[in-house]
Amino acid sequence: MGRFLPLRVTHWTYEEMSKGFGFSLDEYLYYGGYPGPASFRDNSRLWKGYMAGSIIAPAIDRDLLAMTRVDKPALLRQLVDAAFNLSGQIVSYNKLLGQLQDAGNTTTLARYLDLLSHVGLATGLSKYSGPHIRNRASSPKLNVLNTSLMTGVSTYTFYEARNDRTFWGRIVESAIGAHLVNTAGPGIDVHYWRDGNAEMDFVLKGGPRVVGIEVKSGAAPKHAKGIDKFRAKYAVDHCLVVGGGGVPLDEFLSEPAEHWLRQE
């Protein structure tokens, strides 16, 4: 049989949306990396309509359902809604099952999350448990792969979202997670970590290298308390803070995951 070379095409980056459509950083965080609806960003109704009818619905009804057999399509659609509305949050499979009307099981939910990742909608990051173990049975951290998927289904306009510090913080964190997943090359995994109240928003692992990433959306202190506990528990190459006096958000979004994995 023939041979082929797969070329992975992910969402447009901040740099691409800035050069192509003049997006500011805040506009990129809210409107995301879809070029199609970019020209509608000054009309919230048209933009949200485009996202719902031309991006989200076809991705589910045609792309995703064409990939594989889905025995519980209603459960899948409910999971999509949960992933978009709970992006940036760690949610146990049992809690998800309790919130979804069409009951399934944790194995089904985990498979459906993998499907959502394959079509570029959302993913469930697994908890980092050490350099040689990938804990797929852990509660996943839901993360959209394009922030417009969470803002497009919300009731917030751009200005309303910008003025809600809690919601905007979730957007910023989701944008970092999406950027890491979308730009992670072969052999690079993206996780999260939590131990009690100590948390590392993202953990990059590539070969023997491990990097912790903490996201600060406001003017918070540069050092995060979870860093010390994470360093004490694992052999970590380095940790960095994005925002809050650390690496500027626009600078972080301008480099792929491998760049931050190799930083000293």
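**Close-up views of a predicted model**

**View 1. Ser87 and the residues around it.** Leaving aside residues up to four places away in sequence, Ser87 touches Leu142, Asn143, Val144, Met150, Arg170 and Ser174. The model shown here and in the following views is a predicted one. Ser87 belongs to the loop that runs between α4 (73-85) and α5 (93-99). Ser87 counts as buried because its relative accessibility is 0%, and buried means under 20%. Between the side chains of Ser87 and Ser174 there is a polar contact of 2.7 Å.

**View 2. The salt bridge of Arg41 and Glu27.** By the rule applied to this model, the count of salt bridges comes to 10. In one of them, the side chains of Arg41 and Glu27 meet, at 3.4 Å from N to O. This pair links distant parts of the chain, with Arg41 in the loop between α2 (25-31) and α3 and Glu27 in helix α2, 14 residues apart. Arg41 and Glu27 are both buried.

**View 3. The salt bridge of Arg77 and Asp61.** A salt bridge of 2.7 Å, N to O, is formed where the side chains of Arg77 and Asp61 meet. Distant parts of the chain are linked by this pair: Arg77 lies in helix α4 and Asp61 in helix α3, 16 residues apart. Arg77 counts as partly exposed because its relative accessibility is 35%. Asp61 likewise counts as partly exposed, at 39% relative accessibility. Partly exposed covers what falls between buried, under 20%, and exposed, over 50%.

**View 4. The salt bridge of Glu173 and Lys141.** Glu173 and Lys141 form a salt bridge in which the closest N and O atoms are 2.5 Å apart. The two residues stand 32 residues apart and link distant parts of the chain, Glu173 being in helix α9 and Lys141 in strand β4 (residues 141-144). Both Glu173 and Lys141 are buried.

**View 5. The largest pocket.** The largest pocket holds about 970 Å³ of space. Its lining is made up of 39 residues, and those that lie nearest the centre of the pocket are Arg8, Ser117, Thr123, Leu145 and Val181. At least two residues of this lining are supplied by each of α3 (44-67), α6 (106-118), β1 (122-125), α9 (165-183) and β5 (188-195). The lining of the largest pocket divides by class into 19 nonpolar, 14 polar and six charged residues.

**View 6. The largest cavity.** Rolling a probe the size of a water molecule over the atoms shows where empty space is left. In this structure there is one cavity of 30 Å³ or more. The volume of the largest cavity is about 130 Å³. Among the 15 residues that line the largest cavity, Trp12, Tyr28, Ala178, His179 and Asn182 are the closest to its centre. Helix α9 provides the largest share of this lining, with five residues. The lining of the largest cavity comprises five nonpolar and 10 polar residues, and no charged residues.

Conventions. Residues are numbered from 1 along each chain as its sequence is written. This is a predicted model: local features need pLDDT of at least 70, side-chain atom pairs count only at pLDDT 80 or more; totals for chains, interfaces and linings use all residues. Side-chain values use heavy atoms; hydrogens and water are left out. Helices (H or I, at least four residues) and strands (E, at least two) are DSSP runs, numbered from the N terminus. Buried means under 20% relative accessible area, exposed over 50%, partly exposed in between (1.4 Å probe, protein chains only). A polar contact is a pair of N or O atoms within 3.5 Å; within protein, one must be able to donate a hydrogen and the other to accept it, and residues adjacent in sequence count only if both atoms are side-chain atoms. Contact means heavy atoms within 4.5 Å. On a 1 Å grid over the protein atoms alone, a cavity is a set of points where a 1.4 Å probe fits but cannot get out, and a pocket is an open set with protein on both sides within 12 Å along at least five of seven lines; lining residues have an atom within 4 Å of a point. Grid points are joined across faces, edges and corners, and a volume is the space filled by probe spheres set on the points. Ala, Val, Leu, Ile, Met, Phe, Trp, Tyr, Cys and Pro count as nonpolar, Asp, Glu, Lys and Arg as charged, and the others, Gly among them, as polar. A salt bridge is a side-chain nitrogen of Lys or Arg within 4 Å of a carboxyl oxygen of Asp or Glu.
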